[in-house]
Structures are given as C-alpha cells and as structure tokens.
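Q: Hi! Could you walk me through this one while I have it open on my screen?

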Amino acid sequence: MCGIVGYTGKKQAAPILLDGLRRLEYRGYDSAGLAVRAGNSLTEVVKATGKLYHLADKTDQGRSLPGTCGIGHTRWATHGDPSLINAHPHVSGNCSGSGKVESDVVGVHNGIIENYGELKEKLLRHGYQFYSDTDTEVVVKLVDYYYKKYRIGPVDAITRTMVRVRGSYALALMFKDYPEEIFAARKDSPLIIGTAENAVYLASDVPAILKYTRSVYYIGNLQVARLSPGCAKFFDLNGDEVALPVTEITWDAEAAEKGGYEHFMLKEIHEQPAAVRDTLNSLIKEGRIDLTAAGITDEIIRSLSQIVITACGSAWHVGMAAQYVIEDMVEIPVRVELASEFRYRSMPLNENTLVIVISQSGETADSLAALRLAKERGAITLAVVNVVGSTIAREADHVLYTLAGPEIAVATTKAYSAQLAALDAFAVQMALVKGTVSREQYGHMIEELLGIPDKIGRVLEDKERLQWFSSKIANAHDIFFIGRGLDYAISLEGSLKMKEISYIHSEAYAAGELKHGTISLIEKNTLVIGVLTQSRMIEKTIANMAECKSRGAYLMGITTNGNFAVEDSVNFTVYIPKTDEHFVSSLAVVPLQLLGYYTSVNRGLDVDKPRNLAKSVTVE
Ligand code: F6R
C-alpha cells in the first residue's frame, strides 16, 4: 500500500528510484512520482497517473532527470481520487504538478493522517494554500510551518510534526537548504534504510534495495532518520541521536525476481516446497520440534488455557485451519478472530491466553492493532511473521518466523503455506507437552510433516490438468467452494484465491450450510468445488454436492489418492497425495491456487497486481 523509495549517493538518482518503485509495484498503486535534485539546484518533480511506465516514459527511464539525490512514490489512493494533482511528491509551496519547485520542503508519505482536517484548517489560517485532497500535502506543509516558525533544523521540524499528527505514516522529505540529504520518519508504516559505500537507500520494503545492498536499518516507531551519501543517523522524538543495529539481509537477490516464470504468483506457487521445507527445518531438529528460537517453552505451553488466533485475509484462513488442527490435537479451546474485528469483542484474555497473530508482511494495520490490544489485556503474544524486523515481529512477546522469502505477488501462496506448516508444527509440539499425543504419535506426525514439501511438489506436477480445466471455467459468473471442518478452512482460501485475481464472484461455504439459503443461487452449470480430504466428512459433503448437482451444478472435487468413489459423484476430480489428515490443507490448497492463477491468466488479467488491492495493508 503506497511505496516509498529514496536515494542519495554519487549515481544518477532517478533510474535507481524508478527501479525501486518497480520492485514495489506489488504493493498496489494508481499513480507515481519522483522528486530529484542535483546539488544546490531546484528540486524537479515529475508525476504520472496509472502504471509506472508512464512515469518512466515521461522521464526517459529517469535519464532526463539529473541529480544524485531523490525520493519516489507509488500512491494507492486513500484521501482523494487517483489523479495527477493527488499523486506524490507534494511540496510546501504553491505548486501542485510537475516541474522545478522553489518549495522549501518536498515529501512523500505512506499511511493515513487521521487529524489532517483540523491541521489543514490551522495551516489555512497561517496562509498556506492547498492544491490536492491529500493528507500528505498537509503533513509536508506542517513540517514547513514548524521549520520556519522555530527556525529549527529538519529533524526538529519533523519531530514537532510527529507530536502533532495522529495516524500512521512513513515519510521521506527533502529540504531546499540541505542538498544531498533525505529525512525520513515513521510510525506504524514500514520504512527501511539500506547503506552502501557512498550511498544510502530508503524503501518501504527490502526487495526495492536488495540489488544494491544487504545492510539494512529498521527505523523504529516514532524515529527520524537523516540520510546523506554513505551515512544514516537516527533520532528519537526528543531529537536525541539513537544507535540502531544493522541487519544483514540473507535473502537471495534472485528470490525477488521472476526467475523465468511468467508471473511472480506462479513462481511463488512453485517455491512452496522450499518455503515449507525451510520453515519446518527451522523448527524440527533431530526428530524433535524446537520452539526455543521463538521463546515458547514447555512451561509456557503448560500454562495455557486458551488460544486466540487473529489475522486478516489469507492469514486468517491459516488461523481457521490451525483452529481445527489444534483443537483436535491438543484439546484446548481455540478461537479465531478477524483482526479488524478483534477490538469490538470483549474477550476474556489473561496471562494464560496465547494470542497468535499471523501476518506475512508483519505490517498489517488491523493485525498490529489486535496485537497491541492483546498485550494491553495481559495475554501472551506470538507473532507468526515472514518479514524479519517488521513491526508485528518486533512488538510481539514471541516470534516464529516463516522462511518463505520475499513474496511479491499480491495474492499470497508460499507465505500461506509456510504459515500453515509453522502452525501445524506448533500444534504437534503443544500436543506432546500437554500430553494429548503419545511419543509414538508425535514421531509419526513429525515424519508426516517432513514429507509435506515433496508431496506439494507432486501436486504441482499435475498442473496441466488444472490449466486445462481453468480454461473451461474462465467465463463462470459464480463459483462455490464447499467443505466441512478443515476442508471448510481450505475452501475459504480457495475461494479468495479465485475471486481476488480472476474477479469471478465466489463464495466459500461450510457444506452443510448451503441448504440454509445459498442453494437458491445454484443454477445450470454453476461450478461447485468440493474439498473432500477429511475421511469422516467426505460422504456428507458429497451428499451436499449431489444436492447442487440435481439443481444443475457442475462439480469439481479435490480429494486424496484412494478416495476413488469421489470420481463417480463429480464431473472433474483432482487427487492429492495421502498424508496425516491434520496436515492435508498444505496439499489441498495448491490445486486451488493453481486454479485461481490459470483462471486469471485465461481472463487476461494482471495476476500479480489485481485491481484495488495492496500487498501490505497498512491502513485500518
Ligand atoms: C490474499 C492476501 C491477503 C493477506 C492479508 C494479510 O491473497 O494475501 O488476504 O493475507 O492482507 O496480510 P499479512 O499476512 O501481510 O498480514
């Protein structure tokens, strides 16, 4: 959701900024802009609506913009429509569009300033004029206001602004009096700084700068950064300098490239065996599950009387699957709550409650808010997060990292699978400690878990059949995904994968629920996809599918090898390898991901960047 980049060094900035913005495209955007400056000359601002190539064309791929210091932005509209005037950068002076600007402050912003209305009125009273509908223009002008009023340096002007604004933000600013420098600040929105010899990079996410450096600083909440070629200094809200540790990024730079695949999503689907294997290998040592890296001791597990899982979107679907697994294995109450609803529930949380927050990005605003509330109410918190150093990872009491590597496609696949594997391993360990499985069962479950990556590989080998089938359903209007128990949790994810990238309306239903209303929507050729992996529920779900068939539905079933009776009841069957039924979601989800992917491709859509969506949702 909005992407920020910055560069100050010895090279021409604009091509580097454009390259960084390209790598942040997955975050979602509708317009883009650059501000670049050569030494003491005026800053030049260029903006374009629509895809990034419009901005690249306007600037001859950045070559027509001289200067070695600059900031860039991709905007995902929140305040004001996606237009040239609302595109960033915004300036403190009287200018709204592209060109050389006299302004003292030029800036870009990611996040939402909640009190921008009242701040705008204040600034209007002080003679500022506004050209856009954005909250960003208000922040840039507020910084300018304090900068001039108190004749203080940029860091102090920014900290005064931070004290005054409410909301979330990552800001990158350039000041006319400080050539070759960029100032940055953040609260609850991601922003990282990369350093290299004679250069500093700034970005919303690691893939934007991975090509140039692996040494990264994570600016803390309510901290300010002052960046000049080769030098990054950090300050707290009092303006006092603070020392931050450098983190070395271990991701392979190629991991953030398409590597020969047509889309990131397809590449990431194929990376699932590795993502799951790496995640499991980090938790399973010498035949035992070891959660000590996450700080989860046997003592903590023994103390738990309930578990609450909270997350958004697909991560919430992982929570739904984990709920069935943990309840069944550990016999402990598990509740799953959408993070955006968490605060509206009066849940009894205490020191015997473990609140698990699942998030790929570690920056999802609703999940972060739920985490903070859970901590406030005295629960123990565990974050299951993919992005190292992200806000949720830093704020949770305990962190269990998934090792999926960078996920670029907006629709999650490998991070989902890695989260699922991590929580399955967590459930098995809890079951052992709580004494609900024997040592022998524990050993067997670990073996089954370790077999999952190869089995995902086998599901992927069958992808041509799904490609063929998706060409048949590309014109569907409605698709229903049904299942019972764990199969229902998988249906939820299958349905989301389908609708978010193919724009075909789809719904997931607990199979037994269809007859309570939804079955009236079934008509001739409506596709109903049944997930049929839980042996004690297969017959019942098949019966529900038959009810749909007799009303004209076309049926597809996903089931495990050996359940050949399914083939007699449905029109198209997909088989997945057998495994312990607790862990089958990791396999059953793969054909559903492929189905969504190929349907989107067949419909000629932008698979990796579906309309209106952002990879990292940093607003509530
Ligand atoms: C769907 C998808 C989203 C995310 C959700 C949470 O394919 O990717 O539903 O799962 O926005 O994001 P994270 O996991 O970053 O908190």
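A: Happy to; we can go from the overall fold to the pockets and then to some local details.

Q: Great. Before anything else, is this a predicted or an experimental model?
A: This is a predicted model.

Q: Okay. Which domains does the chain have?
A: The domain assignment gives domain 1 (3–249), domain 2 (264–460) and domain 3 (463–602). The C-alpha centres of domain 1 and domain 3 are 46 Å apart.

Q: And how many helices and strands?
A: The chain has 19 helices and 28 strands.

Q: What about the radius of gyration, and what would a compact globule have?
A: The chain has a radius of gyration of 25 Å, which agrees with the value near 25 Å for a compact globule of 620 residues. Along the principal axes, the C-alpha atoms fill a box of roughly 75 × 55 × 45 Å.

Q: How much of the chain is buried?
A: Of the 620 residues, 62% count as buried. As for contacts, among those between residues at least 6 apart in sequence, 71% join residues at least 24 apart.

Q: How do the lining residues divide by class?
A: The lining of the largest pocket has 12 nonpolar, 11 polar and 5 charged residues.

Q: Now cavities. How many are there?
A: There are 4 cavities of 30 Å³ or more.

Q: Where is the largest cavity, and what lines it?
A: Its lining has 24 residues, with S204, D205, S361, E363 and V387 nearest the centre. At least three lining residues come from each of domain 1 (3–249) and domain 2 (264–460). By class, the lining of the largest cavity has 11 nonpolar, 6 polar and 7 charged residues.

Q: And the second largest cavity?
A: The second largest cavity holds about 70 Å³ of space. Its lining consists of C2, R75, W76, A77, T78, H79, H88, H109, G111, T134, D135 and T136. Strand 7 (105–113) and helix 4 each supply at least two of the lining residues. The classes there are 3 nonpolar, 7 polar and 2 charged.

Q: H88 is in that list, and I'm curious about its backbone. Is the peptide bond from H88 to P89 cis or trans?
A: That bond is cis, with omega near 0°. P89 sits in the loop between strand 4 (69–75) and strand 5 (90–91). For background, most peptide bonds are trans.

Q: Which residues have a positive phi without being glycine?
A: Among them are E286, with a phi of about 50°, and E331, with a phi of about 55°. For context, most residues other than glycine have a negative phi.

Q: Where are those two, and are they buried or exposed?
A: E286 is in the loop between strand 17 (284–285) and strand 18 (288–289). E286 counts as exposed because its relative accessibility is 82%, where over 50% is the cut-off. E331 is in the loop between helix 9 and strand 20 (334–338). E331 is exposed too, with a relative accessible area of 61%.

Q: Last one: T413. Buried or exposed?
A: T413 is buried, since its relative accessible area is 0%. The residue belongs to the loop between strand 23 (398–401) and helix 13.

Q: What is T413 in contact with?
A: Leaving aside neighbours within four places in sequence, T413 is in contact with M265, E268, I269, Q272, E407, K497 and Q593.

How values were computed: Residues are numbered from 1 along each chain as its sequence is written. This is a predicted model: local features need pLDDT of at least 70, side-chain atom pairs count only at pLDDT 80 or more; totals for chains, interfaces and linings use all residues. Side-chain values use heavy atoms; hydrogens and water are left out. Ala, Val, Leu, Ile, Met, Phe, Trp, Tyr, Cys and Pro count as nonpolar, Asp, Glu, Lys and Arg as charged, and the others, Gly among them, as polar. Domain bounds come from an automatic or database domain assignment. Helices (H or I, at least four residues) and strands (E, at least two) are DSSP runs, numbered from the N terminus. The radius of gyration is taken over C-alpha atoms; the globule rule is 2.2 Å times the number of residues to the power 0.38. Buried means under 20% relative accessible area, exposed over 50%, partly exposed in between (1.4 Å probe, protein chains only). Contact means heavy atoms within 4.5 Å. On a 1 Å grid over the protein atoms alone, a cavity is a set of points where a 1.4 Å probe fits but cannot get out, and a pocket is an open set with protein on both sides within 12 Å along at least five of seven lines; lining residues have an atom within 4 Å of a point. Grid points are joined across faces, edges and corners, and a volume is the space filled by probe spheres set on the points.
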